[in-house]
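Work through the exercises below with the structure in view. Each task is followed by a solution in steps.

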Amino acid sequence: MGGEPRMAGEPIASANQANGTARAQGATVEFRHVTKHYAAREAGAAAVEDLSLHVPPGEICVLVGPSGCGKTTSLRMVNRLVEPTSGQVLVDGEDVARIQATTLRRGIGYVIQQTGLFPHRTIAQNIGTVPDLLGWPRSRTRARVDELLELIGLDPALVRDRYPAQLSGGERQRVGVARAMASEPPVMLMDEPFGAVDPITRERLQTEFLRLHHQLRSTVIFVTHDIDEAIKMGDRVAVMRQGGHLEQYAPPADLLTKPVNDFVARFVGSDRGLKRLALIRLADLPLEQTSLARVGATIQPPRNATDRYTLLLDANERPVGWMNLAHMPPGSRAAREAADASSPFVRAETTLRDTLSMMLGCSVQTAVVVDDDGRYRGVITIESIAQELRGSVALLPGDATPELAIP
Amino acid sequence: MGFLASVGAWLVDPRHWSGSDGIPTRVGEHALISVVIVVLACIIALPLGVGLGHIRKASFLTISIANVGRALPSLAMLALVLPLAFALGLGLGFWPTVMALVPLGIPPVLTNSFVGVKEVEADVVDAARGMGMSGWQILRHVELPIAAPLVMAGIRNSAVATVATATLGAVVASGGLGRYIVDGLATQDYDKLFVGALLVALMAIGTELGFAALERRMTRAGGERSELLRVS
Amino acid sequence: MSPGDPFIRWDWVASHLGDIWLRLEQHLVLTGLAIGIGLAISLVAGIWSSRWPWLYAPVTWVSGVLYTIPSLALFALLIPITGLSIVTAEIGLVSYTLLILIRNIVAGIRSVPPEVRDAALGMGCTRRQLLWRVELPLARPVILAGLRVATVTTVGLTTVTALIGQGGLGYFILDGIQRFFSTVLVVGAGLSVLLAMAADGLLVLVEWWTTPWAHRRRG
């Protein structure tokens, strides 16, 4: 992606974009006293009631709440698929009502739950929809399509000329996201984009999108009804209630530790402590070290006398498994087969919560932290995680006893 | 205006209201031949369509027959049947027309009764079976009442198409209102031609509307029945 | 047709190939014109009806009435106005295509999944782009189904135009009836049936070629 200037017809551009910076930088999005009434509904029942919030550039703002809380309606007011009854929506300080609707939409990425991929067009044509609308030269569109396909983990040569019906649900969702990113929009709107797939795929898609967003840094407004997804994805989360009321707009940590009222506290859930763990990654904790042995070498005495296990590494510094020192005393030769106990091998960006759940079923309750190539970097014990949990639990207001007790 | 006046004059002429070429006779002939054809088509197509729909088999075959039926030009059918009718000693006129048009009247009835019965919701049929109804009873008390509107629509299509093509029967010397048109063309009597066309058009539209009204009555009945089954 | 006459005299066929070809051409022209004009009118009516739904009822009513009127009668009603000409034939033939084509066009456009429409609008398609790039292509299978029926019906109806002096394969049918000559009759009737089936088959192929997304499944 070179520093190409924006094509004509893309008025929403942050200053960086106009200067031709490589990455799409986000625009600010602001709701100012936005209200939406539907004439058909009884007076007093608004879809969105006096919504005001400001999303800084490059952040992911999640709108979350039960059905009927107006989150989708609010989202669709940004690209004017819904027009506010009163109030203003501003992108980069400009009132969207004063921008031609189709021009506005071509500068905003839009992902919906059922993807809405055009069944009659190939994947390449789908992804290239907005670039085509904007009049990009064919070669530039094609290059961009291939780039995006690789970014979302699909082989361009295989997938480019297929039709949506030929892809799996998870692949289609990814194409939907790629399609929204094609013209490098400074703002992206996502309406339950991962809702229609199974939980395992959803987990993967969420992580992948976060990784992508880290590179692209566009401003994202994300709608979901799932509080866990909101906490995982959002830099800031807006909790909304039926009738279109904004209850709290804050970073996820604040929602968990300082819910502003009963509704938010209940919506966030009583397992706030565990949810808190979902926000902390292994990289945020200091790594510990453990006794090591290498395949084919002699086993050394353990660092601590109380250690019962030693971690076995292969020639590439990759962990093989744990050896029980009772069966393989120091002085004996370490063979691969000796590593009969398991524990999870995780990367540093894994959350504490995921790590904890992986560890719970294992015989060795220590997670081995590896780098991107699978090489050993250190370990995290369950005690460290419990420590972290105790630390955050202490901050929760109004709790008589800690919610999670680990012996 | 002059033309419409002469048509009007033709219509009010009492000579055109009596005798073997009179309006009542021709209308009667047309109605008779149409009714005979539709009834025969139903006798063949209804049991076949309903039966196949009930056992939910032979879908491709049934639809194909319908498609082929549509592809047969009516004039061609009339023409092809003629030598056959001759060979059977049935002569011109009534019988060749009936023989040609019954096969054309079958597809709409067949398709609609087949699809109508087949598409009765599986849940409803299942509930009926669970209550202990036999296949026959299911057909009589559940599938037919629910499918009735669609079946009726099929008969309607067949009837309207038959009234239309019976007009062409005049080409093979049958009676009916087509006679006015064919004779009118031959003798360049454009008043007669126009009256014939007008009457046929009215008859066709009348058939359509009449059946539509009948269907509306049936839809209400069928709808109530299936609701009853759902509740019980 | 006297007993003893063979059903088809192939020598007649052989010696009249030129005539046969001529009538076949006439038939194709009549049919082609009718379908072409009918499709054009129906597209306009169908697109407008899906944009302004209140139009749908009157449009269907008019085309329905036209459809109900028997073909011969319709031609006959037109004769005083447009005479025994190709215009009469075409007006009649076009009228018969309208009902089914309009119905199918509207049904096809309505069958586009709402989320696809939402995504297209959300990405910045204008209404016109939405119609031409998304709705019509996706409606193509349904439209083609209607086109198939309309074409087959029109091929059949064109035979009737022989009665008002227009020729086509109906000419042979009429001739055969009038002269009691079974060969001519069979040639006319048989060829019109074959033509109808060929047209149907061709449109099936067209549908298959132009809707690759409908029949490619996950490999």
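**Exercise 1. Domains of chain A**

Task: State how far apart the C-alpha centres of domain 1 of chain A and domain 2 of chain A lie in this predicted model.

Solution. Begin with the bounds: in chain A, domain 1 covers 15–269 and domain 2 covers 283–388.

**Exercise 2. Chain A as a whole**

Task: Find how many helices and strands chain A has, and what percentage of its residues is buried.

Solution. Count the elements: chain A contains 15 helices and 16 strands. Next, turn to burial, where a residue counts as buried if 20 or more other C-beta atoms lie within 10 Å of its own. Of the 407 residues in chain A, 39% are buried. Last, look at contacts in chain A between residues at least 6 apart in sequence: 61% of these join residues at least 24 apart.

**Exercise 3. A six-stranded sheet**

Task: Give the strand order of the open sheet of six strands in chain A, and explain why one side of β6 and one side of β10 of chain A have no neighbour in the sheet.

Solution. Follow the strands across the sheet: the order in chain A is β6-β7-β8-β3-β9-β10, with mixed pairing. The edge positions belong to β6 (108–111) and β10 (245–250) of chain A; each has a single partner strand, so one of its sides is left without a neighbour in the sheet. From one strand to the next, the twist averages 15°.

Now take one pair inside this order. Strands β7 (residues 187–191) and β8 (residues 219–224) of chain A run parallel and are joined by five bridges. For example, L189(A) has I221(A) in β8(A) as its bridge partner.

Helix α8 (residues 169–181) of chain A lies across β6 and β7 of chain A, and runs at about 165° to β6(A).

**Exercise 4. Where chain A touches chain C**

Task: Determine how many residues of chain A are in contact with chain C, and which elements of chain A give two or more residues to that side.

Solution. Count both sides: 18 residues of chain A are in contact with 19 residues of chain C. On the chain A side, the elements giving two or more residues are α3 (101–106) and α5 (129–134). Sorted by type, the chain A side has nine nonpolar, seven polar and two charged residues.

To close, check the confidence values. Chain C has an average pLDDT of 86, and 95% of its residues score at least 70. For the complex, the predictor gives an ipTM of 0.75 and a pTM of 0.71.

Key:
Residues are numbered from 1 along each chain as its sequence is written. Chains are lettered from A and ligands numbered from 1 in the order in which they are written. This is a predicted model: local features need pLDDT of at least 70, side-chain atom pairs count only at pLDDT 80 or more; totals for chains, interfaces and linings use all residues. Domain bounds come from an automatic or database domain assignment. Two residues are in contact if their C-beta atoms, placed from the backbone, lie within 7 Å. Helices (H or I, at least four residues) and strands (E, at least two) are DSSP runs, numbered from the N terminus. Ala, Val, Leu, Ile, Met, Phe, Trp, Tyr, Cys and Pro count as nonpolar, Asp, Glu, Lys and Arg as charged, and the others, Gly among them, as polar. A residue is buried if 20 or more other C-beta atoms lie within 10 Å of its own, exposed if 12 or fewer, and partly exposed in between; C-beta atoms are placed from the backbone. Two strands pair if DSSP finds at least two bridges between them. Axes are lines fitted to C-alpha atoms, for helices over the stretch in contact, and angles run from 0 to 180 degrees between N-to-C directions. pLDDT is the predictor's confidence in each residue, from 0 to 100.
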